[in-house]
Amino acid sequence: MSGDAAPQGLAGASLTAALDSPSIGQDIYALAAEIYPICRSITGQGVRDTLTILQKHAPIVQHEALSGTKVLDWTVPKEWVIRDAYIKNAAGERVVDFRKHNLHVLNYSAPIHAKLALAELKKNIFTLPEQPDLIPYRTSYYAESWGFCMSQNALDALADGEYEVCVDSELKDGSLTYGELIHRGDTDEEVLFSVHTCHPSLANDNCSGMALITHLAKRMAGVKTRHTYRFLYAPGTIGAITWLARNEALTPRIKHGLVVSCVGDPGGFTYKRTRRGDAAIDRIMARLLAQRRANVIAFFPYGYDERQYNAPAYKLDVGLFQRSQFATFPEYHTSADNLDFITPEALAESYRVLVAAIAALETDRRYINLAPKGEPQLGRRGLYGAIGGDKEAYAKNMAMLWVLNLSDGDYSLPDIAERAKLPLETVEQTATLLEQAGLLKPA
Amino acid sequence: MSGDAAPQGLAGASLTAALDSPSIGQDIYALAAEIYPICRSITGQGVRDTLTILQKHAPIVQHEALSGTKVLDWTVPKEWVIRDAYIKNAAGERVVDFRKHNLHVLNYSAPIHAKLALAELKKNIFTLPEQPDLIPYRTSYYAESWGFCMSQNALDALADGEYEVCVDSELKDGSLTYGELIHRGDTDEEVLFSVHTCHPSLANDNCSGMALITHLAKRMAGVKTRHTYRFLYAPGTIGAITWLARNEALTPRIKHGLVVSCVGDPGGFTYKRTRRGDAAIDRIMARLLAQRRANVIAFFPYGYDERQYNAPAYKLDVGLFQRSQFATFPEYHTSADNLDFITPEALAESYRVLVAAIAALETDRRYINLAPKGEPQLGRRGLYGAIGGDKEAYAKNMAMLWVLNLSDGDYSLPDIAERAKLPLETVEQTATLLEQAGLLKPA
Amino acid sequence: MSGDAAPQGLAGASLTAALDSPSIGQDIYALAAEIYPICRSITGQGVRDTLTILQKHAPIVQHEALSGTKVLDWTVPKEWVIRDAYIKNAAGERVVDFRKHNLHVLNYSAPIHAKLALAELKKNIFTLPEQPDLIPYRTSYYAESWGFCMSQNALDALADGEYEVCVDSELKDGSLTYGELIHRGDTDEEVLFSVHTCHPSLANDNCSGMALITHLAKRMAGVKTRHTYRFLYAPGTIGAITWLARNEALTPRIKHGLVVSCVGDPGGFTYKRTRRGDAAIDRIMARLLAQRRANVIAFFPYGYDERQYNAPAYKLDVGLFQRSQFATFPEYHTSADNLDFITPEALAESYRVLVAAIAALETDRRYINLAPKGEPQLGRRGLYGAIGGDKEAYAKNMAMLWVLNLSDGDYSLPDIAERAKLPLETVEQTATLLEQAGLLKPA
C-alpha cells in the first residue's frame with residue numbers, strides 16, 4: 001500500500017501487511033479468469049462449479065435451498081440445466097452456438113427444439129442494434145420462455161429461410177446454491193461482503209467481485225480482527241432473499257456491509273450509500289474515496305442486493321462498492337464485459353480500498369479519557385515531544401491532545417480523525433499509546 | 001392542467017378533473033370584476049355586499065361581531081357608513097368625487113362638512129408625488145380622522161381658494177362582518193384558506209383572492225377529500241383576530257393553511273413560509289413553485305393575516321401565497337391596482353397552483369409496507385415491467401421499489417416523491433396500485 | 001464607540017458609556033508598557049511583581065499554591081528565582097546579558113556557572129536562523145536544563161574560544177501565583193476572562209491581554225450587570241490547572257468565557273470557537289466580528305488555556321479571542337514582540353469588541369409574550385408608528401412584531417436579532433419598551 005494515502009489504523013497497518021501482496025492483482029485476475037467461462041444462472045450447476053473453484057482458495061461453505069421452498073415473499077425456483085443451444089441453418093451449420101459463448105442462450109431459457117422460419121425465429125432473438133458487434137446478456141427468470149442472444153451483425157447476415165432451433169435445457173426440481181464463509185473476530189458484530197454469483201460469462205459483473213472477496217477471505221485467514229466478517233456468494237435477488245429468510249435472527253449482528261460488484265474495470269470508483277446515508281460505512285467509504293477518482297452517490301432501491309439488505313424490515317447498513325457504476329458503461333451486460341475489460345491493476349486497487357475499509361472498521365471504536373479534567377501531564381509520562389521545531393513531535397502532540405479532548409464516549413476514532421483532520425492511523429496509534437499509558441480505556 | 005408539470009397525486013388527478021375548467025380564469029376574473037366597485041372597509045355594508053355576491057357561487061356563512069366586543073387584545077370597532085364624499089371648488093364642481101372612485105376617501109374616514117382654504121385642506125389630502133397620476137389607498141382605523149386621497153396632478157391643478165369639503169360618513173355601533181365556508185372532509189384535520197375582505201376598489205389586493213377561493217370552494221362542492229377545508233373571508237387583522245377569539249378551541253385542528261392575496265397580476269409567484277419554516281405546506285409550496293417564476297421567502301411577522309395565525313400562542317402552519325409580493329409592485333395600494341392589472345390567465349394559473357397544493361395535501365399520507373423483508377416478488381403479482389428497454393416500465397418499477405423501500409411510516413408520499421425525485425402523481429398511483437395488491441396499508 | 005457598527009443592547013449602551021473612554025487605548029498601552037520589562041515565568045517573583053502593578057488599577061486578589069501541591073494530574077513545580085545570567089568572552093565582556101533582555105535566559109533555566117568552549121556552549125544556545133536579528137523565547141519547564149537564547153547574528157559574531165557561562169538562578173520550594181478578581185452581578189451565572197501571566201518581555205503575548213482585562217475590570221467597578229464576571233490571571237497550563245483543581249465546584253457556574261491574548265498587534269481579529277462550536281459566546285463573537293477583518297476558526301485542543309476549560313470533564317464554553325493568531329505572526333515568541341509591535345489603537349479596538357461582547361451577553365435573555373394570541377393592539381398603547389412613509393417607524397414596528405412573535409421562551413434577544421436581521425440594540429430597546437407596556441415578561 002506504499003504511495004497510497006488511504007487512512008489506515010494500527011490494526012490496519014498490520015492488516016495491510018498481512019493482507020497485501022505484490023501479486024494480489026494478478027492473483028485475483030487469474031481466479032476471475034478461471035471462473036469466467038462457466039455458464040451460471042440463479043440456479044444450477046454453474047454456481048456449484050464456480051464455488052468449487054473458489055473453495056480451492058478459501059473454505060466457503062456451500063448451502064442448498066430446494067426448489068419450491070418459501071423464502072420471504074418468494075419461492076425458490078426450479079433448477080436450470082443447460083446442456084447445449086444452437087441455431088442451425090439449412091446447411092446444418094451452427095450460426096449461433098452456445099458452445100462458443102454462453103451469452104447466446106437467454107439465461108434460464110426453457111427448452112425448445114423446432115424448425116422456424118427466420119421471421120418467426122426473430123421474435124425470440126435479442127440483439128443490441130446500437131452495439132451491432134456485441135452479444136447482449138438477457139435473462140428470463142420467473143416467466144418461462146425461450147430465446148437467443150446474438151450480435152445484430154450476425155443476425156443481419158442470416159439468410160431468409162428455415163432454421164433449426166434448439167435449447168437443450170431443463171427446468172427441474174433441484175436447488176438454489178449459495179456460498180458462505182465466516183471469518184470469526186473477537187466480537188459478534190459483523191461486516192458483510194456480498195457478491196452475486198448468477199451472471200454467466202461476464203468478467204467484471206461479477207467474476208471480479210467473486211474473485212476479489214475470495215482472495216480477501218483467503219488472506220484474512222488467521223488474521224485477528226475485532227469484527228466478524230461474513231462473505232456471502234449468492235445469486236442476485238433470490239439468493240439474498242433466501243439467505244435473509246434463513247438467517248433472520250442473525251441480521252441484527254450485521255453492523256456494516258458492502259455489496260461488491262464490477263470491481264475490475266479501469267474506470268473510477270462508485271460508492272452508493274446505504275438507505276440511512278450517513279452510516280459508519282458510508283462515512284468510511286466517502287473518506288477513503290475522497291482523494292480518488294470516485295463518484296459517491298445516494299441510495300436508491302435498485303441495483304444489486306443492497307436493495308434487499310436495506311429493505312425497511314432490516315435497514316442493514318450495506319452500501320454498494322463498484323468501479324464503473326452498473327448500467328453506465330458500454331460493456332455492461334454484453335459480451336464486451338470479458339477478460340480484456342478487467343485488469344490486474346484495477347482489481348488490486350479495488351482490493352486495497354476494501355482492505356483500507358476493513359482497517360477503518362476495525363478502528364471504529366471509542367475510548368474514555370481517564371484524566372478528563374484539563375490536560376493530563378504528558379511530559380511526566382514521556383509522551384510530550386521535545387523542545388523545538390520537531391514537526392513530527394508536534395503532530396504527535398496534537399494527536400494526543402485531540403484524542404484526549406474528544407474521548408468522552410461520543411467520538412469514535414474515525415470521528416476524531418475526521419474532526420482533527422488527522423490520518424486515522426495516527427489517531428489509532430495515539431489511542432493505543434494513551435491506553436498503554438493508562439490515560440484511556442475502551443468505552 | 002395540460003402542459004403543466006406540477007406534481008399532483010391520484011386524488012389530485014381526480015380533484016383536478018373535478019376542480020378544473022377551461023373557463024376558470026374567466027370565471028374568477030368576472031367575479032373579481034363584479035365585487036371590484038364596492039367600497040369595503042374593516043366594518044360596514046361593503047363587506048356584506050361583497051359576501052352577498054360571493055354567496056351566489058358558494059354557501060358562505062356570514063357572521064357578525066358587534067362593535068365593542070372584546071376580541072383577544074382588541075375591541076371590535078364601530079361600523080363605518082360611507083354615503084358620499086367630495087371636494088367642491090368655488091364653482092360648486094366636484095374636483096374630488098367619491099362616486100368616481102372610492103379610493104378618494106380616506107378609508108374609515110370620520111365625517112366632515114366644512115369650507116376650507118386649499119392650504120388648510122391639503123393637510124388632510126394624501127397623494128403619491130412619485131406616481132403623480134395615481135390615487136393612493138390610505139386608511140385611518142383606530143385613530144379617528146378624516147381625509148381624502150387624490151392624484152398629485154389633480155391636486156396641483158387646484159386653484160387657490162376655498163373648497164367645500166364633505167365626507168358624508170358615520171361611525172356607529174354596528175358590527176364587523178366575516179364569512180366562512182366549510183368543506184367537510186373525511187377527517188377533522190383542517191386546511192385553512194384565508195382572504196382579507198377590507199380593501200375597497202383594489203383588484204389584485206384582494207378582489208383576486210376573494211374571487212379565486214370562492215370559485216375553488218364552488219368547484220370543491222361534492223368532491224370527496226380527506227382533509228376538511230375552511231374558507232375564511234375576514235377584514236385584515238381585526239377580522240382574523242375576531243375569528244381566532246371565537247374559535248380558539250378549533251385552532252389545533254388547522255394543520256395547514258394559506259393566506260391568499262394578490263393572485264391576479266401577471267408577476268411571478270411569491271410564497272412566504274410559515275414561522276416554522278419547514279412545515280408540510282412550506283415543503284409542498286416550495287416544490288410546486290420550484291419550476292415556476294417564483295420567490296420563496298422566509299417568514300416575517302408583517303404582511304397579511306399569516307401574522308395572526310403564526311402568533312406564538314397558535315403557531316399555525318399558515319403561509320402566504322401571492323403572485324407579486326405585496327408592497328413591491330408599483331400598482332400596490334394605488335388606483336392602478338384595477339381590473340386592467342389582473343388577467344384571467346394569471347388567475348387561472350394561481351388557481352391551478354392552489355389545486356395542486358390541495359392535491360399534494362390530500363396525498364400527504366403514509367403507508368406501511370406489508371412485505372418489508374427484502375423486496376416482495378412483484379413479477380408474480382404482474383406488477384413488474386416486461387423485459388427490455390421499456391422506459392415507462394422502468395420508471396414504474398423504480399416507483400414501486402421506492403414506495404416499498406420508504407413505506408416504513410416515516411415517509412409520507414410527498415416525502416417519497418422528494419427523495420426519489422419522482423412526480424408525486426406517479427408515487428400516489430404507485431401507492432394505490434401496491435395497496436390494491438395487498439403490499440401496503442395506510443399508516 | 002461612535003462610528004462602530006457593533007451590535008449592542010440597551011444594557012450595552014449604558015455599559016459602553018460607563019466602560020468606554022477616549023483614552024482607553026493609551027491607558028491599556030501604558031499599563032502593558034509598565035509590566036513589559038518584568039521577567040515572568042510560571043512561578044516566581046515576576047508574576048507577583050506584575051500583579052502588584054495591576055492591583056494599582058483593580059482589586060485583584062493574589063493566590064499562592066505551594067510547590068509540590070497536587071493539582072489534577074499535575075504537581076505545582078518549584079519556584080524559579082532568576083538573579084542574573086550572562087555569557088562572558090575571554091576579555092570578560094558580557095556578550096549575552098540577561099540585564100539587557102530577559103529573553104536571553106532560557107525561561108525556568110536551571111543554574112549553571114562554568115567555562116565552556118564555544119562548540120560546547122552552542123549545544124545550550126537557541127537562535128532563530130531564519131530571523132537572524134531576533135532573540136527567541138524558549139522555556140524549559142518540567143525538564144530541568146539550562147540555556148541561553150540569542151540572535152543568530154550575535155552567535156555568528158562570537159569568536160572561537162572559551163566562555164564564562166552563568167545562570168544565577170534557583171529552583172526552590174516556593175509557590176505558584178495567580179490573581180483573581182470577581183465583579184459580582186445580579187446572578188451567579190459567570191463569564192470568565194482568562195489571561196496567561198507567565199511570559200516574560202513579550203508585549204503582545206501577553207502584556208496586552210493582562211493590561212486590557214485589568215482596565216476592563218477597573219471600568220466595570222460599580223457598573224451593574226446581570227452576569228458575574230471573573231477575571232483570572234494565571235500562568236499558562238499549570239495556572240489554569242491549579243485554578244480548576246481548587247474551584248471544581250464552581251466550574252458549572254461558568255456559562256461563557258474568553259481567553260484573551262495577543263490583543264495589541266495591528267492584525268485582524270481571530271476568534272477560536274469553543275469545543276461545542278455553537279455556544280452563545282461563539283455566536284456572539286461571530287456576529288461581532290462578521291463585519292471586521294476577522295478569522296473565526298474551529299476549536300482545536302492547542303493554544304492557550306481554552307484547552308483546559310474545554311477539557312471533556314468540564315466542556316466550559318470558553319473561546320479564544322486574539323488579534324493575529326498565535327504562532328502565525330513573525331514576531332511571535334521573539335524579541336520583536338515588543339512595545340513597538342502593539343498600538344493603542346489596536347488595544348482600544350480589541351477592548352471595544354470585548355465591551356460589545358459583554359453587552360451582548362448581558363442582553364442574552366428571553367422574554368415571554370403576555371399577549372401571544374395574534375398581535376396585541378399596539379396602536380391603542382401608542383406603540384404603533386403613524387400613517388405613512390416613516391422609515392424609522394416602520395423599523396420600530398417590525399422590531400415590535402418580531403420580538404412579540406418570537407418571545408415564546410425559545411428565542412433569546414440575540415436570537416431574535418439574528419433571525420430578524422435587526423441590530424441587537426433595537427431588539428433590546430424594543431423588548432424594554434414592550435416590557436414596560438406590559439406585553440412581555442422575562443422568561
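**Contact between chain A and chain C**

Between chain A and chain C, six salt bridges are counted in this predicted model. One of the salt bridges joins Glu248(C) to Lys373(A), with the closest N and O atoms 3.2 Å apart. Polar contacts between chain A and chain C amount to 13 residue pairs, counted where both residues are at pLDDT 80 or more.

On the side of chain A that touches chain C, at least two residues each are supplied by the helix α11 (391-406) and by the strand β18 (408-412), and α11(A) gives the most, with seven residues.

The contact as a whole takes 23 residues from chain A and 24 residues from chain C. The area buried between chain A and chain C is about 2000 Å², and carbon and sulfur atoms give 52% of this area.

The arrangement of the chains was examined by superposition. Two copies of a chain are related by a rotation about an axis and a shift along it. For chain C and chain B, a rotation of 120° with 0.2 Å of shift along its axis superposes chain C on chain B, with an RMSD of 0.2 Å, and that is the relation of a three-fold axis. Among the residues of chain C, Asp278(C) comes closest to the rotation axis, its C-alpha lying at 13 Å.

Definitions and conventions
Residues numbered from 1 in each chain as written. Chains lettered and ligands numbered in written order. Predicted model: local features only at pLDDT ≥ 70, side-chain atom pairs only at ≥ 80, totals over all residues. Heavy atoms only, no water. Contact = heavy atoms within 4.5 Å. Buried area = accessible area lost by both parts, 1.4 Å probe. Salt bridge = Lys/Arg side-chain N within 4 Å of Asp/Glu carboxyl O. Polar contact = N/O pair within 3.5 Å; in protein donor to acceptor, adjacent residues only side chain to side chain. Helix = DSSP H or I, 4+ residues; strand = E, 2+ residues; numbered from the N terminus. Least-squares fit on C-alpha atoms with pLDDT ≥ 70 in both.
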